[in-house]
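Biologist: Hi, I'm new to this one. Please put it on screen and walk me through it.

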Amino acid sequence: MFRFQLHARIILPAVLAALSLEPSWGVADTDKGGREAAVTLATVMGEFGGLHRALRKTVKDPNAVAGSLDLVRGMQGLAAKSLMLAPSMTSTLRVEEKASFLLGYKRQMVKLIGGLLDLEDALLQNDTGRAHECYRRLSKVKSDGHNKFQLRDN
Ligand code: HEM
């Protein structure tokens, strides 16, 4: 009886609380050999870059709106994932600089997500002219993000 109460009152709620704290996407993925591989911002951004390149070919085409929407939604997912990750540059900063650096990074990533939502909106209206404009505006968000948060090679 005591054992059951211990389970019901203490262990079970603790396990449920731990599960609900788990983010909806993990920071680890599985590589081809089935081992756990760390997901880094560089890998997520690399994938994002691939979709971004593919979108450049379709975004203006009124006959390719469905495909463009798939790409844009894929990019939104990757940008949301990126929001939970930290740039490599973070590890080069002093402890007291890190929090505001990461806040700035997150604000910039939210800007990117906002731009992708505008792009989705334009595509949903079948307005490929506006969609292309939104696509072009992403370049500035990208260059600002890279200038401030990407580690430069020496
Ligand atoms: C159209 C928008 C963007 C595109 C197409 C893009 C694409 C890329 C690509 C291809 C890489 C190199 C990945 C690799 O090393 O293989 C990269 C890296 C990176 N990007 Fe972006 N990016 C975009 C926007 C942004 C924004 C808005 C930010 C910041 C909020 C950002 C932050 C970074 C950082 C920090 C890295 C280096 C990875 C690291 O430090 O770990 N990017 N990006």
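Biologist: Which residues does Thr58 touch, not counting residues up to four places away in sequence?
Modeller: Thr58 touches Ala64, Gly67, Ser68 and Leu71. Two residues are in contact here if their C-beta atoms, placed from the backbone, lie within 7 Å. Keep in mind that this is a predicted model, where local features need pLDDT of at least 70, side-chain atom pairs count only at pLDDT 80 or more, and totals for chains, interfaces and linings use all residues. Residues are numbered from 1 along each chain as its sequence is written.

Biologist: Where is Thr58, and is it buried or exposed?
Modeller: Thr58 sits in helix α2. Helices (H or I, at least four residues) and strands (E, at least two) are DSSP runs, numbered from the N terminus. Thr58 is buried because it has 20 other C-beta atoms within 10 Å. The cut-offs are 20 or more other C-beta atoms within 10 Å for buried, 12 or fewer for exposed, and partly exposed in between, with C-beta atoms placed from the backbone.

Biologist: And how far apart are the C-alpha atoms of Thr58 and Ser68?
Modeller: They are separated by 6.1 Å, with the two residues 10 apart along the chain.

Biologist: Which other residues of α2 are buried?
Modeller: Along with Thr58, the buried ones in α2 are Leu41, Met45, Phe48 and Leu55. They cover an arc of only 125° around the axis, which puts them on the same side of α2. That arc is taken from the directions from the helix axis to the C-beta atoms. On the other side of α2, Gly46, Arg53 and Lys57 are exposed.

Biologist: What covers the buried residues of α2?
Modeller: The cover includes α3 (65-83) and α5 (128-149).

Biologist: Zooming out, how many helices and strands are there in the chain?
Modeller: There are five helices and two strands, and the pattern along the sequence is α-β-β-α-α-α-α. Of the 154 residues, 19% count as buried.

Biologist: What about the largest nonpolar core: how many residues has it?
Modeller: That core has 21 residues, and those with the most contacts inside it are Val72, Met75, Ala79, Leu116, Leu119, Ala131 and Tyr135. The term means a set of buried Ala, Val, Leu, Ile, Met, Phe, Trp, Tyr and Cys residues joined through C-beta atoms within 7 Å. In this core, α2, α3, α4 and α5 each supply at least two residues, and the largest share, seven residues, comes from α4.

Biologist: Pick Leu116. What is it in contact with, leaving aside neighbours within four places in sequence?
Modeller: Leu116 is in contact with Val72, Met75, Gln76 and Ala79. Of these, Val72, Met75 and Ala79 are among the buried residues of α3.

Biologist: Let's go to α5. How many residues has it?
Modeller: α5 has 22 residues and reaches 31 Å from its first C-alpha to its last, close to the 32 Å expected at 1.5 Å a residue. The expected span is 1.5 Å times one less than the number of residues. Its buried residues are Thr128, Ala131, Cys134, Tyr135 and Gly145. Seen down the axis, these fall within an arc of 105°, so they line one face of α5. They pack against α2, α3 and α4.

Biologist: What is exposed on the other side of α5?
Modeller: Gly129, Arg136, Ser139, Lys140, Ser143 and Asn147. Arg136 counts as exposed because it has 11 C-beta neighbours inside 10 Å. The C-alpha atom of Arg136 lies 9.3 Å from that of Arg56, 80 residues apart along the chain.

Biologist: Next, the ligand. Which residues are closest to it?
Modeller: The closest of the 23 residues surrounding the ligand are Met45, Gly49, Gln108, Lys142 and Gly145. To be near it, a residue needs its C-beta atom, placed from the backbone, within 6 Å. α2 gives the most to this shell, with seven residues.

Biologist: How many of the shell residues are nonpolar?
Modeller: The shell divides into 13 nonpolar, nine polar and one charged. Here Ala, Val, Leu, Ile, Met, Phe, Trp, Tyr, Cys and Pro count as nonpolar, Asp, Glu, Lys and Arg as charged, and the others, Gly among them, as polar.
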